[in-house]
Amino acid sequence: MSSILDNRPELRREVEQVAEAAGYLWQKGWAERNGGNITVNVTDAVDDEIRSMLPIGQPVAIGVTLPNLKGCYFYCKGTNRRMRDLARWPMENGSIIRITDDCAHYEIIADAPVKPTSELPSHLSVHNYLIGKGSNYKASLHTHPIELVAMSHNPEFLKKDVLTNLLWSMIPETKAFCPRGLGIVPYMLPSSVELADATIAALADDYDVVMWEKHGVFAVGPDIMEAFDMVDTLTKSAIIYRDARAMGFDPTGMSQEQMKEISTVFKLPK
């Protein structure tokens, strides 16, 4: 069976990278059943032949108008599809969509009529914001890291940058590889416009990873692996904290002076 990925190595590489990340999410236990979503802007890998392809079915309303996405193409995980299946069969559990000229609808162009994630309006709203600010970020990831979600049940950790500083202090790599820390969004209904707006506000406050209270995290990056790596690094710090507490003591963590030294040496933004 032919695929839109045939003879398009750049587009295939993008989709296969998503499939690889999806496998990691499942292996880590962050993607139960159909949990989690991935959306990647693949416009740069689209050729003229793809631009002339007829859609599969009728245009679908996004629910919001996103002027910066006119003519953009995205690979999206399908709604009610499992990450473990996407890892093996990405074009049977995800689809490539095109944003129509009115910037308010999308149409599926390949490979099959797999309806995108129910959180597509949130993901596309974020991509609209990223393009509007001139960002080179192409990937958005939502997943359910066990230890980070558990920490979001503690109201103390939901105060601004409390969790950021705690996680940074557990191991130097966290400050180095997640220099913008972890934003916090209070609990809101999944897939809601309110959640999308709050997430964009957190990203605008200079975070790349946002904690959705009692739900999961939302991360953005130049590609899906960079987004995954930030979540993976933050979760490692959460595990170190949890394990120290399980051993019967509160971890001391790195001092503010030590973390400032890392910022200076590695020329980090914070």
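The legends below describe several close-up views of a predicted model.

**View 1. Asn68 and the residues around it.** Asn68 sits in the loop that runs between strand S2 (56-61) and strand S3 (73-77). With a relative accessibility of 32%, Asn68 counts as partly exposed, because that class lies between the cut-offs of 20% for buried and 50% for exposed. When its neighbours within four places in sequence are set aside, Asn68 is in contact with Asn128, Ile131 and Gly132. Val209, by comparison, is 141 residues away from Asn68 in sequence, and the C-alpha atoms of Asn68 and Val209 are 22 Å apart in space.

**View 2. The cis peptide bond between Ala110 and Asp111.** Most peptide bonds are trans. The bond that joins Ala110 and Asp111, however, is a cis peptide bond, with omega at about -20 degrees. Asp111 has its place in the loop between strand S5 (105-110) and helix H4 (120-132).

**View 3. Asn7, a residue with positive phi.** Most residues other than glycine have a negative phi. Asn7 is a residue other than glycine whose phi is positive, near 60 degrees. The position of Asn7 is in the segment before helix H1 (9-27), and with a relative accessible area of 79% Asn7 is exposed, because this value is over the cut-off of 50%.

**View 4. Lys214 and its salt bridge with Glu213.** Lys214 lies in the loop between strand S8 (209-212) and strand S9 (216-221), and the phi of Lys214 is near 60 degrees, a positive value in a residue other than glycine. The side chain of Lys214 meets that of Glu213 in a salt bridge, with a distance of 2.3 Å from N to O. The two partners fall into separate accessibility classes, for Glu213 counts as buried at 12% relative accessibility, whereas Lys214, with a relative accessible area of 41%, is partly exposed. Salt bridges that share partners also join Asp6, Arg12 and Glu16 into one network.

**View 5. The salt bridge between Asp44 and Lys138.** Side chains of opposite charge can pair when their charged atoms come close. A search of the whole structure finds 16 salt bridges, and one of them is formed by Asp44 with Lys138, whose closest N and O atoms are 3.4 Å apart. This pair links distant parts of the chain, since Asp44 belongs to the loop between strand S1 (37-41) and helix H2 (48-51), while Lys138 belongs to the loop between H4 and strand S6 (139-143), and the two are 94 residues apart. Asp44 counts as exposed at 58% relative accessibility, whereas Lys138, with a relative accessible area of 26%, is partly exposed.

**View 6. The salt bridge between Arg88 and Asp85 in helix H3.** Arg88 forms a salt bridge with Asp85, and the closest N and O atoms of this pair are 2.6 Å apart. Both residues belong to helix H3 (residues 83-88), and because Arg88 and Asp85 are three residues apart there, about one helical turn separates them. Asp85 has a relative accessibility of 15% and therefore counts as buried.

Key: Residues numbered from 1 in each chain as written. Predicted model: local features only at pLDDT ≥ 70, side-chain atom pairs only at ≥ 80, totals over all residues. Heavy atoms only, no water. Helix = DSSP H or I, 4+ residues; strand = E, 2+ residues; numbered from the N terminus. Buried < 20%, exposed > 50% of the residue type's maximum accessible area, 1.4 Å probe, protein only. Contact = heavy atoms within 4.5 Å. Salt bridge = Lys/Arg side-chain N within 4 Å of Asp/Glu carboxyl O.
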